[in-house]
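Open the model in your viewer and keep the selection panel at hand. The stops below go from one ligand to the chain interface and on to the other ligand.

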Amino acid sequence: MSVLIFIELDNGVIKKTSLEAILYGSKVAEKTGGEATVLAFGSADSSELEKAGHYGATKVLHASGEKLNHENSLAYADALVQAVNQEQSKVIIISKSGLGDAVAARAAAKLKAGVVSGVTELPEINGSFKVTRSIYTGKAFATTEIKSDIKILVVKKNAVEIDENALSTVQAVVEAFSPNLRDSDFKATVTNVEKAASELSLTEADIIVSGGRGMKSPDQWQPLLDLASALGAATGCSKPVSDLDWRPHHEHIGQTGIKVAPNLYIACGISGAIQHLAGVNGSKCIVVINKDPEAPFFKAADYGIVGDVFEILPKLTEAARNLK
Amino acid sequence: MKILVCITNVPDTTAKITFTDNDTKLNKNGVQYIIGPYDDYALARGVELKEQSGGTLTVLHVGEADADPQIRKALAIGADDAIRINADPLDSYFTASQIAHVAKQNNYDLILMGRESIDFNSGVVHGLVGEMLEIPSYSPVMKLEINGTTATIAREIDGGKETLTVSLPLVLGCQEPIAEWKIPNMRGIMTARTKPLQVLEPVSVDEMTTPGKYALPAPKGACKMIPADEAATLIKLLQTEAKVL
Ligand SMILES: Cc1cc2nc3c(=O)[nH]c(=O)nc-3n(C[C@H](O)[C@H](O)[C@H](O)COP(=O)(O)OP(=O)(O)OC[C@H]3O[C@@H](n4cnc5c(N)ncnc54)[C@H](O)[C@@H]3O)c2cc1C
Ligand SMILES: Nc1ncnc2c1ncn2[C@@H]1O[C@H](COP(=O)(O)O)[C@@H](O)[C@H]1O
């Protein structure tokens, strides 16, 4: 089956979650004897896009141009459908994000395709096409058979693991792709974009250091920031912390905030309420630092330290700095 | 302005999830159901907009009769009337097709949803409905102001936020802090009893997906405790044992 993979770029660089999507899509193509083609929007150097080959893609369709530089799910979905028709793709792979879900949904409606979002593993393909996805905010999994001719899978972070040592050296062929763009997809006027340019994105981060009300006050965040910087980590927080304006809203992790799935999540002075856990239960390894040995977070943790964050954080920072 | 708010009927966030019937059905025993928390934000903002500028607010749910208490709650919070499409909503395309069918007959100016349902966490129904109606859809929306036929929206993008203006009609997936959740008052609860709740049968839709079995995650191993005075050894363990550094 021919597979099309929609990827996201960040300043011309393929996002890590998109690299996973390419690997995922290539594995599906390999299983079914098809080719994996990547679709990318916005400015990027060919040398960057060629890297899709390392992850198993044979070709990259590159749609560039001023109009496509700005994230636009309506236009991207329109263009994606044109790419699907051109390539006769049967499976579409998109990594899960606000943009990914929107593109998947709009493309599904145009293509009359079944769409499953939150896929956590490679599909089971033998006669039927079955996927496993995360449901109830990480509390369970469901298998679903996709019956439509064209299938759209929105894949969660860590659905496949990238083994840097096992990557090929093959480069993908980059082809310019010029979709017909409809005026109706460009009716919105963007009046303001606030983006902390230097900040590591939480959904992409491999390591997150996160603080709760146990950090006491906004001006006592420095020890946490120090550990994050020593580990090259992004920073997050619990809901009360962002509600109190101690930290910006986009750092708020949990049920009603961002859902993250880093390799390492370090929770500092967070009690571990179920709504917070709902946002972090996709993490590979969880470390909890809390002065209360009964804090519920320890039940969800891999490593725990009972103690005062203000004593422990500096020790961890020092040890982390000595690592490198 | 005609507003439609689409709500889900989902297990409370703290509910313990287990399955029955050979892992093909959720065990509803002892599970408390609520309006989806994001849908609740959509509803709250919808009610505010209606109060500000007049018009009507309809709530729509695709689901079975056990959702009626949650639909009544939405009516008590301020919706004028409700529609329930009587079907088990197990596929996003199916659900969206039902919503789009209702919307096509009623010409809503604004269709508000949650950013995602907390049972399926798909985040796709708004986009599907938007495309089926050939109108724009945006999600997750944190702020919404309406001025005449123009909407000003602040939405979350990766690592930040973006403000945009766009003409109605629109489909939006909402999240906090778009509005504060509303709690029904006594008067609302009384009037909700007599507000119309129309039950319609679903339109037929090609089957896109078929649900299979459910499973629970493997139980977590015990947490390894490290004494506070040896905190630094944690970093070593993360590197050599957990292999995450
Ligand atoms: C519908 C709903 C949705 C919600 N969504 C979210 C969500 O998305 N994200 C979220 O985070 N919450 C959410 N909540 C709130 C959630 O229920 C908890 O109230 C919240 O997560 C608690 O935050 P916290 O752990 O920072 O604070 P607290 O519960 O106050 O915990 C602080 C912790 O810090 C510890 N501590 C204090 N001082 C120190 C110290 N010096 N050193 C070490 N440890 C210390 C304490 O022992 C305690 O465990 C939601 C709630 C509801 C009802
Ligand atoms: N069965 C349903 N009935 C009404 N609205 C729904 C239904 N399922 C999903 N929605 C709406 O679509 C949003 C996104 O749902 P989902 O795509 O399942 O994450 C929800 O927050 C609801 O507003």
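A residue is near a molecule or strand if one of its heavy atoms lies within 4 Å of it. This is a predicted model: local features need pLDDT of at least 70, side-chain atom pairs count only at pLDDT 80 or more, and totals for chains, interfaces and linings use all residues. Residues are numbered from 1 along each chain as its sequence is written, chains are lettered from A and ligands numbered from 1 in the order in which they are written, and side-chain values use heavy atoms, with hydrogens and water left out.

**Stop 1: ligand 1**

Select ligand 1. It lies between chains A and B. Show the 26 residues around ligand 1; A:Lys216, A:Ser238, A:Ser271, A:Gln275 and A:Asn290 come nearest.

Now look for polar contacts (pairs of N or O atoms within 3.5 Å; within protein, one must be able to donate a hydrogen and the other to accept it, and residues adjacent in sequence count only if both atoms are side-chain atoms). A:Gln275 places a polar side-chain atom 2.7 Å from an oxygen atom of ligand 1. For A:His252, a polar side-chain atom is 3.0 Å from a ligand oxygen. A:Val309 uses its backbone: an N or O atom there lies 2.9 Å from a nitrogen atom of ligand 1.

**Stop 2**

Switch to cartoon. Helices (H or I, at least four residues) and strands (E, at least two) are DSSP runs, numbered from the N terminus. Two strands pair if DSSP finds at least two bridges between them.

Which strands make up the open sheet of 6 strands? Trace the order E15(A)-E14(A)-E16(A)-E17(A)-E18(A)-E15(B), with parallel pairing. Strand E15 (234–237) of chain A and E15 of chain B are the edges, each pairing on one side only. Then pick E16 (264–268) and E17 (285–290) of chain A: these run parallel, joined by 5 bridges. A:Ile266 stands opposite A:Val287 in E17(A).

**Stop 3: the interface**

Colour by chain. Contact (heavy atoms within 4.5 Å) links 77 residues of chain B with 80 residues of chain A. The buried area, meaning the accessible area (1.4 Å probe) that two parts lose on being put together, summed over both, is about 6,600 Å². Carbon and sulfur atoms give 56% of that area.

Next, count 34 residue pairs in polar contact between the chains, both residues at pLDDT 80 or more. On chain B, the elements that each supply at least two residues of the touching side include helix H1 (37–53), strand E9 (137–147) and strand E14 (209–215).

There are 6 salt bridges between the chains (a side-chain nitrogen of Lys or Arg within 4 Å of a carboxyl oxygen of Asp or Glu). For one of the salt bridges, select B:Glu207 and A:Lys147, at 3.6 Å, N to O.

**Stop 4: B:Thr210**

Zoom in on B:Thr210, in strand E14 of chain B. E14(B) pairs antiparallel with strand E10 (140–146) of chain A over 5 bridges. The bridge partner of B:Thr210 is A:Glu145. Not counting residues up to four places away in sequence, B:Thr210 touches A:Thr144, A:Glu145 and A:Lys147. Its side chain makes a polar contact of 3.4 Å with that of A:Lys147.

**Stop 5: ligand 2**

Finish at ligand 2, with 20 residues around it; B:Cys6, B:Asp39, B:Val62, B:Ser117 and B:Gly123 come nearest. Show the backbone. An N or O atom of B:Ile7 lies 3.3 Å from a ligand nitrogen. Polar backbone atoms of B:Gly114 and B:Val124 each lie 2.9 Å from an oxygen atom of ligand 2.
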